[in-house]
Amino acid sequence: MMEFVKGENRFFKEDESGKLIAEVTWVPSGELLVILDHTFVDESLRGQGIASELVEKVADTMRAEGKKIVATCPFAKAEFERKPDKYNDIKA
């Protein structure tokens, strides 16, 4: 499990040189909704499940805040569809 830094409406990870290597972003929409709009994982890290970890991190955070997610990012959308048992409760 990778450790991510929480930023303003995002979780991200940089390498030792400060280069962005993984990121997920969302946009607040009203009081109870967020739009998960972007997932990025550097090519060097692809295939390790890191994008899935990022989506899960947002889902856990929004559950804790009592918010629902609208996924507009194609990857997050696919994750929600692939894992309904994990995400149906949080999907707007």
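## Helix 1

The model is predicted. In it, helix 1 is followed by glycine 66, which has a positive phi, near 70 degrees. Helix 1 covers residues 50-65, and at 1.5 Å a residue its 16 residues should span 22 Å; the C-alpha atoms at its ends are 23 Å apart, which agrees.

Under the cut-off used here, buried means under 20% relative accessible area.

## Strand pairing

Strand 3 (residues 20-29) and strand 4 (residues 33-41) run antiparallel and are joined by 8 bridges. Within this pairing, alanine 22 has valine 41 of strand 4 as its bridge partner. The two strands form a hairpin with 3 residues between them, and glycine 30 in the turn has a positive phi of about 75 degrees.

Strand 4 also pairs with strand 5 (residues 68-71), here in the parallel sense and over 4 bridges. Valine 34 has isoleucine 69 of strand 5 as its bridge partner. From strand 4 the chain passes through helix 1 to strand 5, and this β-α-β crossover is right-handed.

Which residues make up the covered and uncovered faces of strand 5? Ile69 and Ala71 form the covered face, whereas Lys68 and Val70 form the uncovered one.

## Helix 2

Helix 2 spans residues 74-82, and its buried residues are Ala76, Glu79 and Phe80. They cover an arc of only 100 degrees around the axis, which puts them on the same side of helix 2. An α-helix has 3.6 residues a turn, so residues three or four places apart point the same way.

The cover over the buried residues of helix 2 includes strand 4, helix 1, strand 5 and helix 3 (84-87). On the face turned away from the buried side, helix 2 carries the exposed residues Pro74, Glu81 and Arg82.

## Aromatic pairs

How many aromatic pairs does a search of the whole structure find? The search finds 2. Phenylalanine 11 and tryptophan 26 form a tilted pair, 5.5 Å centre to centre with 45 degrees between the planes. Phenylalanine 11 lies in strand 2 (residues 10-14) and tryptophan 26 in strand 3, so this pair ties together parts that are 15 residues apart in sequence. Phenylalanine 11 counts as buried at 3% relative accessibility, and tryptophan 26 is buried with a relative accessible area of 5%.

Phenylalanine 80 and tyrosine 87 form a stacked aromatic pair, with 4.9 Å centre to centre and 20 degrees between the planes. Both phenylalanine 80 and tyrosine 87 are buried. Phenylalanine 80 is also one of the buried residues of helix 2.

Definitions and conventions
Residues are numbered from 1 along each chain as its sequence is written. This is a predicted model: local features need pLDDT of at least 70, side-chain atom pairs count only at pLDDT 80 or more; totals for chains, interfaces and linings use all residues. Side-chain values use heavy atoms; hydrogens and water are left out. The expected span of a helix is 1.5 Å times one less than its number of residues. Two strands pair if DSSP finds at least two bridges between them. A crossover is right-handed if, with the strands pointing away from the viewer, the path from the first strand over the helix to the second runs clockwise. Buried means under 20% relative accessible area, exposed over 50%, partly exposed in between (1.4 Å probe, protein chains only). The arc is that of the directions from the helix axis to the C-beta atoms. Contact means heavy atoms within 4.5 Å. Rings of Phe, Tyr and Trp (its six-membered ring) pair if their centres lie within 6.5 Å; planes under 30 degrees apart count as stacked, over 60 as edge-to-face and the rest as tilted.
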